[in-house]
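Have the viewer open while you read.

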Amino acid sequence: MRRTLIGVLGLALVATGCGGKREDAPTAQQPAGGNASCEAADGRVTIATGNVGGVYYVLGGGLAQVISNNSKLKATAADTGASVQNIQQLGDKTYDIAFSLADTAADAVQGKSAFEGKPQKVQALSRIYSNYTQVVVRTDSGINSVADFRGKRISTGSPKSGTEVIANRLLQAAGLKDADLAPQRLALRQTVDGMKEGKIDGLVWSGGLPTPEITDLTTSMGDKVKFIDITPQLAALKQLNPVYDQGSIPAATYKQPADVPTIVVPNMLLVRDDFPAANACAITKLIFDKKADLEKTHPSAKDITKETAVKTDPVPLHPGAKQALGVS
């Protein structure tokens, strides 16, 4: 896997183990509140983000800078295939913190879908902003609904990404299987290039608003591409996971003629259940104390609130995050 490191790199990184844990650092089992420390230990943390050009990647770089500039930790962020891969690589200790869609995270802790029979020991630092399912097709493709994907070249996202999970569920909800179309399992940059070249008829993308690569696509192709309404599939998706909800992509986001009804799903920041409690508390606190800095990185950070931060069920909140958010 190609990894692009972004964020602030110290000249002298103190490698004190996963999440910067040291012998006297608090453990994840310490209770929230009380005299538990909320100061990060010296060390480094790695953040799994998503596709280059996606909001995970952009915001993850901003989070790495916030952590490095305001704590003893030095943080780096890497581009990845996103949600499923991120959680798997949390488990094998490739990364310490990971962005993930809430539906994928729920599958992980429940041992379902991509994690069938292998529940993952992950916990949440916070629920963050919501992802919007953005389905864009070439205007000349003849596609007006998910059912029209039959026989078409559709990019369903990077392998092991949250986008791929949602894309496959949309297909299932529309009564389609992989064999009914020509799925292209591509990262977003490759997908956009393929759309421009006429090699791909449409794409499914789950991301924040605006996603830079989708802005590029709609700006460069203009009325040669269009968004389609996928909300007829919402009821079927909610049966799989109640976290799915209806939303809309405002017309101004990508300079479209009208708002586009769509399906939204929250995002989470995840860690392993053994992530040091003091580090978890410090990082969670920074997300809100330095929210203005994150908003400068990407406007989706404006949607991060303390009111929704704790709404992570069925994924448990990490004890350190509970302390930072003032919940028991």
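## Ground rules

This is a predicted model, so local features need pLDDT of at least 70 and side-chain atom pairs count only at pLDDT 80 or more, while totals for chains, interfaces and linings use all residues. Residues are numbered from 1 along each chain as its sequence is written, and side-chain values use heavy atoms, with hydrogens and water left out.

## Two helices crossing

Take α3 (residues 102-110) and α4 (residues 162-173): they pack at about 90 degrees, axes 9 Å apart. That puts α3 roughly perpendicular to α4 (65 to 115 degrees counts as such). Axes here are lines fitted to C-alpha atoms, for helices over the stretch in contact, and angles run from 0 to 180 degrees between N-to-C directions. Helices are DSSP runs (H or I, at least four residues) and strands are too (E, at least two), numbered from the N terminus.

On the α3 side, D103, T104 and D107 meet G162, V165, I166 and R169 of α4, where contact means heavy atoms within 4.5 Å.

## Cis bonds

The L209 to P210 peptide bond is cis, omega near -10 degrees; P210 sits in the loop between β8 (202-207) and α6 (212-221). D313 to P314 is cis as well, with omega near 5 degrees, and P314 is in the loop between α10 (306-309) and α11 (319-325).

## Positive phi

S113, in the loop between α3 and β5 (122-138), is not a glycine, yet its phi is near 55 degrees.

K255 isn't a glycine either and has a positive phi of about 55 degrees; its loop runs between β10 (245-249) and β11 (260-272).

Key: Parallel < 35°, antiparallel > 145°, perpendicular 65-115°, else oblique.
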